[in-house]
Amino acid sequence: MMLVSIVFVCIINTVLSESQPQLQPDPEVWIERGAPDCTTTEDDCGVFGLEYVRSGVGEGSACDTGTAVLCRSSAPHTSLVDTPAHTLAALSYNAFERNWFMSHDGQRERSCRVPATLRRMLPDLDVIGFQEVFMGGCFRGKLTLRHLLAQHGFPYTTRTVGAIIPQAVTDDDNDMRVGFKVLNGGMFVASRWPIVQEDSIIYENADPLSWDGFSKKGVSYAKINKTDASGRWKLYNLFSTHQQTGDNADIKVGQAAEQRAFVDRLAIPPDQPVLFLGDYNIDLYDDDELLSAVMATLEATLPATVGERECTSDGENDLHDDEKSCSWLDYVAFSHTHEKPTHATMEAVRPMQEEGFPICFDEGKILRFGYLWPDDERCTNKNYAVRDLSDHFAVLGRYMFPE
Ligand SMILES: *[C@@H]1O[C@H](CO)[C@@H](O)[C@H](O)[C@H]1NC(C)=O
């Protein structure tokens, strides 16, 4: 079974397109269902939070009868809010967009809604560190998370860590190591401000017997240049990671050491801030000793938590079945050997829709390759309504530095 999945995944990886989208106001996608005898209706756009444009037969359509529909992502109707260059709002978000062969849990319905929801919730957001965006979000290669982010004010993104095609072009042999790690790392940084430098590493420390053993988990680095209305600008260094799942403390501390060595190798001037975003898979409450060890290895400090939410992985979430679970796994910390903030907080925030939207929630459909519509008869748990856009809440770091 393992070999079969590796073959599948190699195919996915090689067709994955990561090119930076052109800034286009309202991106569109042709969708169709039931090909070759298509039964697509205009309501199908709404499944993904998109608006219907027209019916027809799009380029490369597989419909012999019936039609496809053209759907558009609506222009944002709320404004972004400007803040001074010496403050930064940075979000760490595990978006739970795993490959189809691992699960069907609304990856497409949820990820298509993420940019509009974040813009509405957090209009002054500067930068986002994503994890678990393995397929690129929304409609792979057609209307991706990057297209939607660009439309919603985040036109700058780093490449996905470990994505094979673009990395091969850069000649970076670190990223050419494949072996059993056939999945990309799922993480990238999206920014409202220009990314003036980017880089990535893939962890050597990883448990080969976990799903993580197949994924090029590592760190995505972006240096961004934030400019404000008065023309002042400031450089920020963001490191976004997704650490090993499970209980192996040595691997987690080892990964932190790799991340810190990466920071040191980049020789970032000590008067610039360095922030560590990510899903560390270490609970603030139950694993506090390990968390301290990881933060000490990173030479990082965790800011105080604020706000009413006490967990980032929470039973209250529509995608959780264990109602009592509550853990805090995601962080926005800072390096204390670089510029220190005068004020910093971390808050768990819940990207969600007010109204539930249906998905096929069938985590057991391992090796069922490809998308399942919410009402697909093959789906064990069809038309399952969710409001949450991921199984994790996001963590918002609010930072202020000396003027
Ligand atoms: C940052 O952006 C400002 C303009 O907004 C520019 O003048 C400055 O040179 C940029 N700095 C770097 C290091 O890119």
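Mentor: What follows goes from the sheet to the helices beside it. This is a predicted model, in which local features need pLDDT of at least 70, side-chain atom pairs count only at pLDDT 80 or more, and totals for chains, interfaces and linings use all residues. Residues are numbered from 1 along each chain as its sequence is written.

The sheet is open and mixed in its pairing, with six strands in the order 9-10-11-12-17-13 (strands are DSSP runs of E of at least two residues, helices runs of H or I of at least four, numbered from the N terminus; two strands pair if DSSP finds at least two bridges between them). Strand 9 (195-202) and strand 13 (300-301) are at the edges with a single partner strand each, so one side of each has no neighbour in the sheet. Helix 7 (residues 249-265) packs on the sheet and touches strand 9, strand 10, strand 11, strand 12 (274-279) and strand 17 (330-335); contact requires C-beta atoms, placed from the backbone, within 7 Å. The direction of helix 7 makes about 155° with that of strand 11 (axes are lines fitted to C-alpha atoms, for helices over the stretch in contact, and angles run from 0 to 180 degrees between N-to-C directions).

Strand 10 and strand 11 run antiparallel and are joined by nine bridges. Within strand 11, T241 stands opposite V219.

Helix 7 also meets helix 8 (residues 288-298): their axes come within 8 Å and cross at roughly 20°. Helix 7 is therefore roughly parallel to helix 8, a term for angles under 35 degrees. Among the residues in this contact are A256 and R260 of helix 7 and L290 and V294 of helix 8.

Conventions:
Two residues are in contact if their C-beta atoms, placed from the backbone, lie within 7 Å. Angles under 35 degrees count as roughly parallel, over 145 as roughly antiparallel, 65 to 115 as roughly perpendicular and the rest as oblique.
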